Amino acid sequence: MAPPMVLAESVYKCYGRLEVLRGIDLTVAPREVLCIVGPSGSGKSTFLRCINHLEKIDAGRLSVDGQLVGYRERGGKIYELPDREVCRKRAEIGMVFQRFNLFPHMTALENIMEAPMRVKGETQKVVEERGRALLDRVGLADKVDVYPNHLSGGQQQRVAIARALAMQPKLMLFDEPTSALDPELVGEVLDVMRGLAQDGMTMVVVTHEMGFAREVGDSLVFMDGGVIVEAGTPREVLANPQHERTRSFLSKVL
Amino acid sequence: MTTGQGTISDPTIPAARRPDAIKAIPVRHPWRWVAAVVVLAFAAAVIYTFATAPGLQWSVVGQFQFYPEILQGVLVTLELTVIAMVIGVVLGVILAVMRLSVNPVVSSVSWFYIWFFRGTPVLVQIFFWFQIGSILPFLHFGIPFTHLVWVGQTNKIITPFLAAILGLGLNEAAYMAEIVRAGIISVDTGQTEAAQALGMARVLVMRRIVLPQAMRVIIPPTGNETISMLKTSSLAYIATVGELFFIQKEISNFNYDIIELVTVASIWYLAMTSVLTFGQFYLERYFARGASRQLPPTPLQRFRRLLFHFHDPPPTGPFEPLPIDTTHLAGHV
């Protein structure tokens with residue numbers, strides 16, 4: 001059997017005295033869509049950022065595709081990875097942010113082409129072709145030469161998704177991708193994500209969109225206070241929550 | 001679109017009829033005219049006073065304005081400014097990036113440099129480089145652990161011009177470092193995170209993502225610094241460099257027309273800073289691309305508007321009168 005795409009074993013993370021993650025255990029299989037829900041401050045975004053080493057974990061083990069994140073293990077010892085290796089690993093994981101974080105001084109196409117050309121060293125011709133195809137796929141073929149400031153929030157987020165996909169990642173992380181959007185723009189972004197899931201992309205999605213979680217998610221975890229309170233299929237957890245904490249949270253958001 | 005009868009005949013839909021654009025009589029601003037007259041009168045008085053000042057011989061000013069030695073001085077002033085600014089900007093960017101480095105040794109070196117060069121007067125620094133020959137008569141350049149050594153006489157290597165360049169450039173770098181650092185800090189951290197998440201290495205993130213966005217914050221004070229440098233370069237006279245200020249002083253030492261020659265120099269300084277101000281505008285405009293939705297009008301565009309469309313409202317998109325389609329109203333009214 002293929003190794004899990006993401007494997008977390010008692011992952012701890014603290015900022016000074018504050019423990020943000022207190023023993024996270026979870027597995028994401030290849031082609032699986034995992035949704036993480038929970039109140040703000042529950043540590044779900046922090047956990048997501050640990051997966052591509054934007055944050056360092058303090059204890060436990062976290063691996064992606066069978067390899068430790070940010071470290072190398074040899075002879076029973078853990079070695080920190082040099083910057084170059086960390087970058088190479090990150091290049092294989094796409095990430096989409098709540099605030100889009102498109103590069104404002106580049107057009108939509110330039111945003112998409114930047115990393116494949118500069119990080120992977122692919123040729124302009126190949127990358128441009130792929131970039132245009134990706135923009136077409138997210139429904140923005142006519143926005144190729146437009147700067148991000150001239151795009152709506154939903155359009156910006158779709159460019160951001162295309163930018164992440166241009167690196168041909170094996171795993172996509174979404175950090176509340178629709179939370180900064182006007183309600184009527186949420187649908188277009190979720191549609192793109194739904195299509196991505198259907199194409200078999202492995203995805204970890206931090207979200208408040210319960211409808212999306214129920215419909216697209218293969219599994220769902222509810223986090224609170226830095227631990228996983230409840231995990232299961234979205235249908236189980238959302239329809240029949242076992243814990244009081246989950247129940248009270250869901251009663252407020254559903 | 002509105003071919004269906006039902007949609008038009010419904011009188012509760014007000015969107016169908018667009019009222020005429022408002023033709024209001026603009027508010028008059030009499031005080032603006034009063035202020036303009038007062039300012040013009042005052043300016044005229046000042047100009048008249050100096051133009052007719054008995055001690056100021058304008059003919060002498062005119063005689064020396066394009067004097068070959070003065071023109072030569074202008075050229076040297078420009079050379080000093082350009083070279084010192086290039087050193088300042090390049091070294092300043094390096095120092096700013098060093099200052100923000102995670103490596104404590106590197107960031108301390110930058111801190112110390114800025115502390116030292118910002119903390120002593122430029123005049124002293126220029127003078128120090130000019131006089132360095134008196135404390136170090138010979139300079140030794142060698143490769144460590146080899147016998148390859150090259151020795152030179154300090155006064156031959158550090159010419160007055162080089163002394164001025166070192167003094168001005170190294171001092172400027174300290175100021176530019178702080179300007180660049182402020183620019184780098186002003187860029188949203190989400191930009192760095194997004195770039196890192198794409199696998200971009202630290203140097204690449206800085207060069208491709210952070211610095212280009214920092215430019216918007218860096219350019220205006222850098223223009224300021226360049227204009228300042230143009231004038232500060234006059235301090236090079238202490239190192240006997242033949243720049244504009246030094247030359248005019250040399251001339252007035254002979255003919256005693258002190259004020260006239262200072263006026264000649266001032267006119268040149270003003271002319272040069274005016275050109276720089278103009279250049280700065282276009283540079284800022286270039287780096288604003290993608291950041292603002294509408295670029296500010298160029299001076300030429302503003303001038304045209306002033307001449308031909310003085311009373312038009314400013315050209316902002318949404319208020320431009322739209323062609324009113326009245327065809328669908330035919331049956332209604």
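**Figure 1. Helix H2 of chain A and the largest cavity.** H2(A) is the top contributor to the lining of the largest cavity, giving 3 residues. Helices (H or I, at least four residues) and strands (E, at least two) are DSSP runs numbered from the N terminus. This is a predicted model, in which local features need pLDDT of at least 70 and side-chain atom pairs count only at pLDDT 80 or more, while totals for chains, interfaces and linings use all residues; side-chain values use heavy atoms, with hydrogens and water left out. Residues are numbered from 1 along each chain as its sequence is written, and chains are lettered from A in the order in which they are written.

Figure 2. A cavity here is a set of points, on a 1 Å grid over the protein atoms alone, where a 1.4 Å probe fits but cannot get out; lining residues have an atom within 4 Å of a point. Grid points are joined across faces, edges and corners, and a volume is the space filled by probe spheres set on the points. By this rule there are 2 cavities of 30 Å³ or more, and the largest has a volume of about 120 Å³. Of its 14 lining residues, Ile51(A), Val64(A), Val69(A), Lys89(A) and Ile93(A) lie nearest the centre. Strand E5 (67-68) and helix H2 (83-90) of chain A are the elements giving two or more residues to this lining. The lining divides into 6 nonpolar, 4 polar and 4 charged residues, where Ala, Val, Leu, Ile, Met, Phe, Trp, Tyr, Cys and Pro count as nonpolar, Asp, Glu, Lys and Arg as charged, and the others, Gly among them, as polar.

**Figure 3. The second largest cavity, lined by residues of chains A and B.** Its volume is about 30 Å³. Among the lining residues are Arg90(A), Met167(A), Pro169(A), Ala197(B) and Leu198(B). Strand E8 (residues 93-96) of chain A supplies the largest share, 3 residues. By class, the lining holds 8 nonpolar, 1 polar and 1 charged.

**Figure 4. Where chain B meets chain A.** Here 24 residues of chain B are in contact (heavy atoms within 4.5 Å) with 26 residues of chain A. About 2200 Å² is buried between the two chains, with carbon and sulfur atoms giving 54%; buried area is the accessible area (1.4 Å probe) that two parts lose on being put together, summed over both.

**Figure 5. Salt bridges across the interface.** The rule (a side-chain nitrogen of Lys or Arg within 4 Å of a carboxyl oxygen of Asp or Glu) finds 3 salt bridges between chain B and chain A. Asp83(A) forms a salt bridge with Arg202(B), with the closest N and O atoms 2.8 Å apart.

Terms used. 1 Å grid on protein atoms, 1.4 Å probe; cavity = no way out; pocket = protein on both sides within 12 Å on 5 of 7 lines; lining within 4 Å.
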